[in-house]
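Let's take a walk around the pockets and surface of this model. Have the structure open as you read.

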Amino acid sequence: VMIVVRENLDPQRAVKAGLDSTSTIPVLKCHWVTSFQTGVYRYEQAMTVFLRRSDAVPLRLFMTSHEWCGSAAKSWINRGPGSELSIFSYFDGYGDLRQPLALAPETLLADALPVALRAWLTLNTAESRIMLVPSQLEARTVSTTPIPALMSRRTSNATILVTVAG
């Protein structure tokens, strides 16, 4: 399930702004919730990405995953160059780590792609070369190194087909 809502972000703490906040950034919050069976037990996972409404730049990512063996979480705040993804996991070798995750202008997060693509569609561009950070919706450590990809569109009748290949 994916839920997208408009909210205001507290720029200092990168969290949903309280009613008493005086300075906020308008964002779209993209929240994914997934649950699936793997053999004996279920995985329950959730991912939240906050994107600035004016240009769809990701400002915050937070992921949780739990199953019968343990829990994991990831947190990232876009503070520009030097930004890092913090990873917490019960898996040996995968927990309490930090990985670089600073986004260049042409870099998108796979976990924010549905919302980012809607913003890209308004540009009426036939195709764009991008760098794509792999999805972080995983209890173990996943690379944050962006991979090259090509976004393209094709219109057929009233349908717009967007393809992201890389």
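**Ground rules**

Ala, Val, Leu, Ile, Met, Phe, Trp, Tyr, Cys and Pro count here as nonpolar, Asp, Glu, Lys and Arg as charged, and the others, Gly among them, as polar. This is a predicted model, in which local features need pLDDT of at least 70 and side-chain atom pairs count only at pLDDT 80 or more, while totals for chains, interfaces and linings use all residues. Residues are numbered from 1 along each chain as its sequence is written, and side-chain values use heavy atoms, with hydrogens and water left out.

**The largest pocket**

A pocket is an open set of points on a 1 Å grid over the protein atoms alone, where a 1.4 Å probe fits, with protein on both sides within 12 Å along at least five of seven lines; lining residues have an atom within 4 Å of a point. Of its 20 lining residues, Asp 55, Ala 56, Pro 105, Thr 107 and Leu 108 are the closest to the centre.

By class, the lining of the largest pocket has 13 nonpolar, four polar and three charged residues.

**The second largest pocket**

The second largest pocket has a volume of about 170 Å³. Its lining includes Val 4, Leu 28, Asp 55, Ala 56 and Arg 118. By class, that lining has six nonpolar, one polar and four charged residues.

Terms used:
Points joined across faces, edges and corners; volume = space filled by probe spheres on them.
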